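Please keep the sequence and the model in view while reading.

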Amino acid sequence: MSSDFLRPFIGYRNGQLMVEDVSVNDLARAHGTPLFIYAKAAMLQALATYQRGFAGRDAQICYAMKANSSLAILQTFVRAGCGLDIVSGGELDRALAAGCEPHKIIFSGVGKTRAEMRRALDAGIGCFNVESRAELEVLDEVARSMGQRAPVSVRVNPDVDAKTHPYISTGLKGNKFGIAHQDAVETYLFAASCKGLRVVGIDCHIGSQITEMAPYLDAMDRVLDLVTAIEAAGVPIQHIDFGGGLGIDYQGDTPPAADTLWAALLAKLDARGFGQRKLMIEPGRSLVGNAGVCITEVLYLKPGEQKNFLIVDAAMNDLPRPAMYQAHHGIVPVLPRDGATTTWDVVGPVCESGDWIGRDRELNVAQGDLLAVLSAGAYCMSMASNYNTRGRAAEVLVDGAQAMLIRERESVADQLRLERAL
Ligand SMILES: *Cc1c(COP(=O)(O)O)cnc(C)c1O
């Protein structure tokens with residue numbers, strides 16, 4: 001049996017697209033389209049690359065669940081030993097529902113509400129990654145009112161260029177995230193003086209879809225400089241959290257493997273005398289992005305004078321990344337046909353010109369064919385919306401030859417449930 005992999009555990013066998021040992025065509029016929037399909041082995045393999053990188057170290061991997069927060073995906077990572085990085089009270093509830101031990105939960109994000117803080121303190125989470133002085137003040141107050149000391153880490157902004165899309169770059173001076181490098185020591189002294197706070201760590205997160213090592217190495221140097229300065233000022237730092245952000249191959253991108261990246265970062269930590277420090281990381285995209293595909297059916301062929309449009313049944317509400325970031329996703333046929341290809345713009349049915357999924361793609365397709373949108377495991381389903389009263393897609397998790405429906409297709413009744421007619 002020949003197989004031709006497009007992504008780990010996703011590829012062609014005997015002329016049809018397979019996710020692990022399951023036929024994509026069969027799944028689409030059984031569950032309809034648009035349909036997200038995930039390869040469990042691909043997720044665990046991506047995780048294993050990190051785990052290998054950290055072998056023998058005191059390190060905790062907290063999956064950044066906003067990348068894909070479906071319950072069964074969370075359970076997959078939690079059962080494999082991951083903690084979770086959350087950014088809202090809703091994500092906290094999902095994390096607990098997935099069985100994550102509270103002490104392995106990190107709460108990130110610039111806008112935590114008092115209610116979210118209270119809920120997280122009640123649950124006993126491991127760390128609040130705080131992003132401003134004002135947030136420290138509020139968290140201090142909330143924790144004291146509950147007779148608690150909130151474990152905190154301050155997110156510092158190392159002011160390095162992650163060389164990625166401006167919307168997903170977060171480590172530069174001009175954006176809303178983190179505390180400026182020059183304010184870090186003062187902020188830590190303030191945090192250490194608060195009776196409702198307990199300083200446990202320091203964190204940074206410089207951006208997303210990073211494909212080079214240099215920004216990480218630069219950020220690490222900047223953060224370690226701060227750790228030295230903060231500890232010299234009398235505030236001990238137990239753990240260092242380097243965030244997430246490692247990129248994946250969308251379009252021939254060549255990010256370093258997680259273990260290669262971490263070999264370089266750990267060498268720097270060792271050289272600077274921080275090799276024994278507890279480490280945390282918050283990878284999202286690199287654990288799930290290439291483990292998922294979104295299957296869509298070709299509704300209409302619409303050849304034109306300037307452009308040929310392929311209208312499919314998935315849209316920007318299912319796959320928001322092209323509309324939001326001009327992102328590229330590979331698009332391949334589920335059952336490839338022999339013969340000449342045509343250049344198509346692959347677009348959805350939503351009433352927006354921004355509703356495109358791929359531009360200038362060479363495909364040989366007919367009405368009713370199925371296409372697979374690749375690298376759809378991260379920041380697709382978790383960003384899906386009901387725009388145009390489109391129900392969110394169904395999701396299937398494949399494990400070897402087994403396939404399990406992990407999310408039913410959303411119905412209009414589901415959407416109308418919270419509404420009240422006049
Ligand atoms: C989004 C986010 C992550 C995960 O980023 P990826 O690029 O998906 O790895 C990690 N930490 C924080 C604070 C984030 O906001």
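In which strand is the place of Gly201? Gly201 belongs to strand β12, which spans residues 197–203; helices (H or I, at least four residues) and strands (E, at least two) are DSSP runs, numbered from the N terminus. The model is a predicted one, in which local features need pLDDT of at least 70 and side-chain atom pairs count only at pLDDT 80 or more, while totals for chains, interfaces and linings use all residues. Residues are numbered from 1 along each chain as its sequence is written, and side-chain values use heavy atoms, with hydrogens and water left out.

Gly201 is buried, its relative accessible area being 0%. Here buried means under 20% relative accessible area, exposed means over 50%, and partly exposed lies in between (1.4 Å probe, protein chains only). Between the C-alpha atoms of Gly201 and Leu217, which are 16 residues apart along the chain, the separation is 19 Å.

Beyond this strand, the loop between β12 and α8 holds Gln209. The phi angle of Gln209 is near 55 degrees, a positive value in a residue other than glycine. With a relative accessibility of 11%, Gln209 counts as buried.

The ligand site comes next. The ligand is surrounded by 14 residues, of which the closest are Lys66, Ser208, Glu282, Arg285 and Tyr379; a residue is taken as near a molecule if one of its heavy atoms lies within 4 Å of it. By class, this shell comprises three nonpolar, six polar and five charged residues. In this classification, Ala, Val, Leu, Ile, Met, Phe, Trp, Tyr, Cys and Pro count as nonpolar, Asp, Glu, Lys and Arg as charged, and the others, Gly among them, as polar.

For Glu282, a polar side-chain atom lies 2.6 Å from a nitrogen atom of the ligand. The backbone takes part as well: a polar backbone atom of Gly245 is 2.8 Å from an oxygen atom of the ligand. A polar contact is a pair of N or O atoms within 3.5 Å; within protein, one must be able to donate a hydrogen and the other to accept it, and residues adjacent in sequence count only if both atoms are side-chain atoms. Of the 390 Å² of accessible area that the ligand has on its own, the protein covers 93%; such areas come from the Shrake-Rupley method with a 1.4 Å probe.

The largest nonpolar core contains 121 residues, and Tyr63, Phe128, Ile202, Phe242, Trp262 and Ile295 touch the most other members. A nonpolar core is a set of buried Ala, Val, Leu, Ile, Met, Phe, Trp, Tyr and Cys residues joined through side-chain atoms within 4.5 Å. Helix α8 (residues 214–232) supplies the largest share of this core, eight residues. Both domain 1 (5–39 + 289–416) and domain 2 (108–283) give residues to this core, so it lies between them; the domain bounds come from an automatic or database domain assignment.

Several local features remain. Ser23 lies in strand β4 (residues 22–23) and is buried, with a relative accessible area of 7%. A polar atom of the Ser23 side chain lies 3.3 Å from the backbone nitrogen of Asn25. In the loop between α1 (24–31) and β5 (35–39) is Pro34, and the peptide bond from Thr33 to Pro34 is cis, with omega near -5 degrees.

Thr389, in the loop between β20 (370–373) and β21 (394–399), has a phi near 50 degrees, a positive value in a residue other than glycine. Thr389 is exposed, with a relative accessible area of 52%.

Arg94 in helix α4 (residues 89–97) is partly exposed, at 32% relative accessible area. Its C-alpha atom and that of Ser69, 25 residues apart along the chain, are separated by 7.6 Å.
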